[in-house]
Amino acid sequence: MAIEQVLHMNGGDGEASYANNSSFQRKVMFITQHILEDSIMRLYCATLPNCLKVADLGCSSGPNALLVASNIINTVDAVSQTLNREPPMFQFFLNDLFGNDFNTTFKSLPYFYTKLEEEKGHKFGPCFFSGTPGSFYGRLFPNDSIHFFHSSYSLHWLSKTPEELTHAAEPLNRGAIYLTRTSPPAVHKAYFAQFQNDFKFFLRSRSSELLPGGAMVLTFIGRDENNELINAWVVIGMALNDMAAENLMEQTKLDSFNIPSYCPTPEEIRQIIQEEGSFDIQRLETIRTDWIKNINVSDDDSLIDEETRAEAVAKYIRAVAEPILKSEFGEAIMDELFRRFKNKILQLYGVEKLELANLVMHITKTT
């Protein structure tokens, strides 16, 4: 099945939806907000457009989808007041794959507009939103049409699983669904080659679409050079292995499945951007976050026990991972899989480094 058909978050606004289980992603956006604000301020002061055109790539659904727009509007409004200028009009393009739940986001726009008018007043410039479905590994907009691209927690997804893994006579990454510390070098080589091809294509596409002086702020889930950190895919693979050993699912399905995702190192990112040549790196930072502690469970986290926190982690990972896992292993095992995932978290926490290396970069179109 094509990745575009199954790669999406859980839609709607129910208990298992991404909209209600994306506090970690929201926290990462707040942690990296200073880089977004600085880049937008620089771009706006350098170009002073009458209408600022921004595309958020991999926007998903729920409240996070409009958070970038809110931050950009606030930053430009503050700069406009400093410059004694009328703020520009805004045009935001929300992009994700065709299976994304755009409707949930669009339904929240009336509240967004009401709040914007209350905070900024009637004199604030018009603000328009459009949906732009499609893969960002290809063209999405006409040449020279966008001022600024933003993407958070999307570009570590690949356009497809590396062919070396899907077409091999024997499974290369047996017993795992992602890169682990014990994966053979050939598996890492295949994943990196696919990421390199995808990201270069992404950079070429965005360079064509950006106006002169255009810029991007991109946030990846990355990894450290020593591969010390354990991410959610590794833990899901552990749970699936246990289930296969107990004949609750087919071992052959597990051995042949590999998640189409790659978490790069800072040096890999730098190398690809420099080789492709369309962008100059203004800033590239690594910000580590504990993906257990940074889940918002209640207003007073000191009262939360480990069991409750692990349950919350399982819900947020399920909101992201369930559609693609369900397409491969079937819906029947999902409840049991994420129950075991929660238990794995309880076993690993405090023993392993359950952290993410967030790679955040501000890059500008080469002049």
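What percentage of the 367 residues in the protein chain is made up of buried residues?

**Figure 1. Overview of the predicted protein chain.** Buried residues (under 20% relative accessible area, 1.4 Å probe, protein chains only) make up 56% of the 367 residues. The chain contains 13 helices and seven strands, taken as DSSP runs (H or I, at least four residues, for helices; E, at least two, for strands) and numbered from the N terminus. The model is predicted, with local features requiring pLDDT of at least 70 and side-chain atom pairs pLDDT 80 or more, while totals for chains, interfaces and linings use all residues. Residues are numbered from 1 along each chain as its sequence is written, and side-chain values use heavy atoms, leaving out hydrogens and water.

**Figure 2. The salt bridge between Glu-268 and Arg-223.** The closest N and O atoms of this pair are 3.2 Å apart; a salt bridge is a side-chain nitrogen of Lys or Arg within 4 Å of a carboxyl oxygen of Asp or Glu. Glu-268 belongs to helix α11 (residues 266-276) and Arg-223 to the loop between β5 (210-222) and α9 (232-245), so the pair ties together parts 45 residues apart in sequence. Both residues are buried.

**Figure 3. The salt bridge between Arg-340 and Glu-246.** Here the closest N and O atoms are 2.8 Å apart. The pair links distant parts of the chain, 94 residues apart: Arg-340 lies in helix α13 (residues 334-348), and Glu-246 in the loop between α9 and α10 (251-256). Arg-340 is buried at 14% relative accessibility.

**Figure 4. The salt bridge between Glu-285 and Arg-283.** The closest N and O atoms are 2.7 Å apart. Salt bridges with shared partners join Glu-285 and Arg-283 with Asp-38 and Arg-42 in one network.

Terms used
Buried < 20%, exposed > 50% of the residue type's maximum accessible area, 1.4 Å probe, protein only.
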